[in-house]
Amino acid sequence: MSTGYDALEDRYLKPQRGRATMLRMAKDIFHQKKESAIFVISVVITSVSGVLYPLALGLAVNAVLERNASLLILYAVIFFTLYFVQFFSNRWMTLSSTRVAQGVIKRMRDTSFQKLQKVPLDFYSKVRAGYLISRIENDSESISDFLTYQLPQVISGVSTIIIAAGIMFYIDARLALFSLVVMPVLGIFTLLLQRRVRTNYLRTRRTIAAITGNLAETIAAIRTFKAFNAEDQAYTRFERLNRDNFSANMDASRLSSSYGSVIRVIEAVGIILVIYEGSVSLLDHLISLGILVAFIAYVQQFFNPIVQLSQLYNTYQNSMVGASRIYAIIDSEPERDVGSKVMDSFNSSIGMNDVTVRYDDSVALEKVTVEIRKGESVAVVGRTGAGKSTLTNVVLKLKYPDGGSVTVDAADLMDIDTKSYRNLIVPVLQEPFLFNGSIFNNIEYSKSGITREEIQSLIERYGMEHIFRSLPGGLDSPVGEMGRNLSEGQRQAVSILRAFVRNPEIIILDEATAQIDSRSERNIINAMRKFRERGTLILISHRFSLITLADRIIVLEKGKVVQQGTLSELSTQSGVFRDLYKRSVG
Amino acid sequence: MTQEAGLESRINSRKKLGVFLKVFEPVFFARPYLKGGTLIFIAVIAAGIISNFALLLVPVYIGEAVSALEVGYYGDITRYSLLIVSAYSISALFNFIVNYGSQYISQTFAYNLRKDFVSHIVKKNFLFFETQTSGDLLSRGTMDIEATRNFTLNMFSSLFPTIFMIVEGFVLLFLVSPYFSLLFALAVPVLIYLGMVSSRKQRPIWRRIRATYGRLGETLQENIVGQRVVRGLGGEQKEIDKYGNLTEEYYGENYDVGRIRGVYNNLMPLTVAAVSSAVIGFGGYVDLINRTSVGGIVAAVTIFAMLTSPVSFLGRMIVFSENSRAAIGRIEEITSPEEEEYVEDGGEALGPGVLSFDHVRFSRGVSTILREITFKASPGEFIGITGRTGAGKTSLVNLITRYYEANSGTITLGGRNIKDISLSALRRSISIVPQEITLLSGTIRENILFGMEASDDRVREAARIASISDFVESLPLKYETPVGERGITLSGGQRQRVAIARAVIRNPKILILDDATSSVDPDTEITIFNNLKEALKGTIILMISLRASALSFADKVLILEEGELREESGGGEEDYVDRL
């Protein structure tokens, strides 16, 4: 089966390309001023002392030839001191690179997490949760490797090359030119390979992404594969991708391994050029033997970073792709939230005026006009897909209308401060979602500082004692991942309590699920009946028993309001309502 | 007392050495996945030895060239140049084998390990998937396998060559000067000791890092899945703080590792440098006194220079190994044969027959879910199953497909105990539409077929029975319309209907609808049931539902209550559930 999702996701979360990502990451790195300064300084110290010891060695050799013992000891001590300095600078480099790397990752994770709390809710219907998690978790980890281990190598490599070249030219420009004569060859060779390395690399990356995607899908659909005894199919689908990945990696490796070998041969040529030219200069007494020794060491030093840098390409690309994927999350458009008018109380009504909502090219709500007055109980009914949940989201300010407006007490909902509004209106959502923790934690989530006694008295007031009786730990019982330790009824009750502790003016009950049994349903109805006495209730449901609570019923069909009225009025009219509930209405 | 203390310290040091050797543990893990690769191993290791030896000869030749120049034998330069180029070329050639070969080994390892991983994943039984989160399984199959692959790669391309390089370096130093090799011999135990301490100190931190990483993922997942609740209750700031605290913890733990690396990893090259400086000082002094050639110290110092960077890489190998060992533990939980079922292939297709439960009992842990269940269902019957949430409805149907095994009692199909029927034959004759529908990324047609082969007419017919054909025909691409992994573009009711079509096209002996029409509106639901009854005349249809309207359609209704079964004749308009 085709893999079209990645392309689709890229269209929605646009990744930046190479250069822009690199610059942005550099900005993130230097954002930590102190750490990055220590980092750069320690890397430079490491390289400088590294570059100096061939010189110390050469001078020591000259001291031996000159039979000067004290000078020899001096250079030996300097030689060791250089390494000793390097120990400290390396230590600082390790610490600061860890700080920089982990700091960048923390920042990326934190900001993308913050952005996830601000994006429009549709975002989550377009981008898969699994992929989001993989971006924020795994992609940032691939950056860590690059920043902690490879970046210091890059910087020290580049500075080693520059400083070594500087010293060589200072000591003997002629010999330096001879040692560097192989450089252009190396450069041309690298450039020629670059293109193929890149193609190969992209292939390995594509194949591994396909493996991950396939594995994710297989795990998600495992029950279906088993149910239809299609395990072989899952296995075969995977096997092909696994093989592709293997051959992609081997092709890439053949190229990079050959590259490494060719570089060594070029290095050998560099060394003998120095020895040849050096011996001629030596013969002419232009240089000393010690200097020649130092030059030979420099040529070798030169090539190490180049070999290392060439092997960094994969890690570098990997982390750039990773970073661009995270930046894409950070860059997603947040929900425009400009409302600043604080609302302390709900006084008259919520009105929807000609509200239209579109998802891509389909219309979810079309010119819906509805008024819900304070103290009223209103039910919104309709077939699946009629727009009921969209209406909930609009009233909760989770979805902004594409046309028309919503007014609360005559103020436009867009101008109202979201935080204060959510204190007035609280949802009890379909598929009650619970956080891992205890029942108490879940209720406290909605209102910090609430005591167990207060919750207990609410439970009694709404007649829910028997629901939690079976739990040995009472309010401190753990709910398990996604609330799996609790029954559907218990989860529903926690969700209702979570709404009640806020003492809201309005409750929106969104479709008590179809799977719920009648005893749990009765609990909900009882609780809602009590709430109705003092607050405004909006019920989104297609269960007849819940609808009987409403003073007024609004019937939606294909995104439009088709009927409105009391239960008895609608029961006698012919229309969608009677079609839906003919069994119950009789 | 002292004797005891001595013994204890001996045991301790042996334990410490054992801990250090555990660095190689991944080798043993990797072995079964590299069967038949012995020759390649030997080739890679041999190539490593040769390549390094050739490389280490270069300083020796440079040293000799310097000595020759020192005494004015310029004629020898050509010879040394040729030797140097040959040594480099030989080293380069064999180094290609080392790099390519170790990549080959590590990729073969990963390839086979992934294969094994997936073959075990599909064998795991249902209970296994009820205790595991899919995100965690995925990270085991990707990140953890990659961590072990990375270590295998570095083991062959760096760790082994480095170890040989140290040995060869020692030999060559001995040839240059026995004194130099003696100095170097002093450094080796120091290097090993530093490695041991570093590894021991890092291990507990790495374990913590893994755990924190897991919690980061869980928090993120919870936040994403629960977004509507988070926003509806205005919990954004709380979530940000919770996540921020975790990333802070993660930062701290990684920094702790950095502190250890900072000291020990850098002490290793410093040790080599100390020896190197001693060589310059001591060796140079001897040369100076004896008026011997300086070529020796040049060679020795260059050898040390060549050893420095592999030695500092040893420190990183410890990090890789720790990472890989943590990963191995997690992979082994999947590749071990525990919690697996065997779906033997083949087995004849089942003929039509009566499904019968005889005193079937099923319990999970301490709680009994079903007790003494007895009933019969004949081909062509439409049976409703109802009962309160958690009454055991889904468990009951899961016993028929043998997702769960009954603790006692027998289930027979066409007179044969289902335990005697191969899982493959059994499951091929049963179609189930579960509560939670998963659609694979692919077209609607592919999702209905789900690996089966059937004509387009049969696909259309199945879609008609499931009452989804009108909708599909209204799409521009019709049956070729792509749907997402979890059916993102389809509504809940549409997904359920695609899943019904998928079940119907197989023309099953038993069709199980587990609350399969909960998101379909009541009108359509009745249409679907009528279609099913008409099209699947020889099929036993078991329908789990709580809706009275749906249950009223059944020929008979089984009511589960406290794990026991009550049977009612169907067709009435009563609200079964309300009477519970």
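A helix axis here is a line fitted to C-alpha atoms over the stretch in contact, and the angle between two axes runs from 0 to 180 degrees between their N-to-C directions. Keep that in mind for later, and remember as you look around that this is a predicted model.

Start with how each chain is divided up. In chain A, the domain assignment gives domain 1 (15-171 + 322-335), domain 2 (173-286) and domain 3 (349-585). Taken over C-alpha atoms, the centres of domain 2 and domain 3 of chain A are 57 Å apart. Chain B is split into domain 1 (12-335) and domain 2 (355-579), and the C-alpha centres of those two domains of chain B are separated by 55 Å.

Now for where the chains touch. Chain B brings 127 residues to the contact, and chain A brings 122 residues. On the chain B side, the most comes from helix α9 (residues 236-290), which gives 27 residues. Sort the chain B side by class and you get 56 nonpolar, 48 polar and 23 charged residues.

Next, zoom in on one pair of helices. Helix α8 (residues 183-220) of chain A packs with helix α6 (residues 134-176) of chain B at an angle of about 145°, and their axes are 10 Å apart. The crossing of α8(A) and α6(B) is right-handed. Which residues meet there? From α8(A) come Thr212(A), Leu215(A), Ala216(A), Ile219(A) and Ala220(A), and they meet Ser134(B), Leu137(B), Leu138(B), Gly141(B) and Thr142(B) of α6(B). By class, this contact of α8(A) with α6(B) has 6 nonpolar and 4 polar residues, with no charged ones.

Notes:
Residues numbered from 1 in each chain as written. Chains lettered and ligands numbered in written order. Predicted model: local features only at pLDDT ≥ 70, side-chain atom pairs only at ≥ 80, totals over all residues. Domains from an automatic or database assignment. Contact = placed C-beta atoms within 7 Å. Helix = DSSP H or I, 4+ residues; strand = E, 2+ residues; numbered from the N terminus. Nonpolar A, V, L, I, M, F, W, Y, C, P; charged D, E, K, R; others polar. Left-handed = near helix turned anticlockwise from the far one by under 90°.
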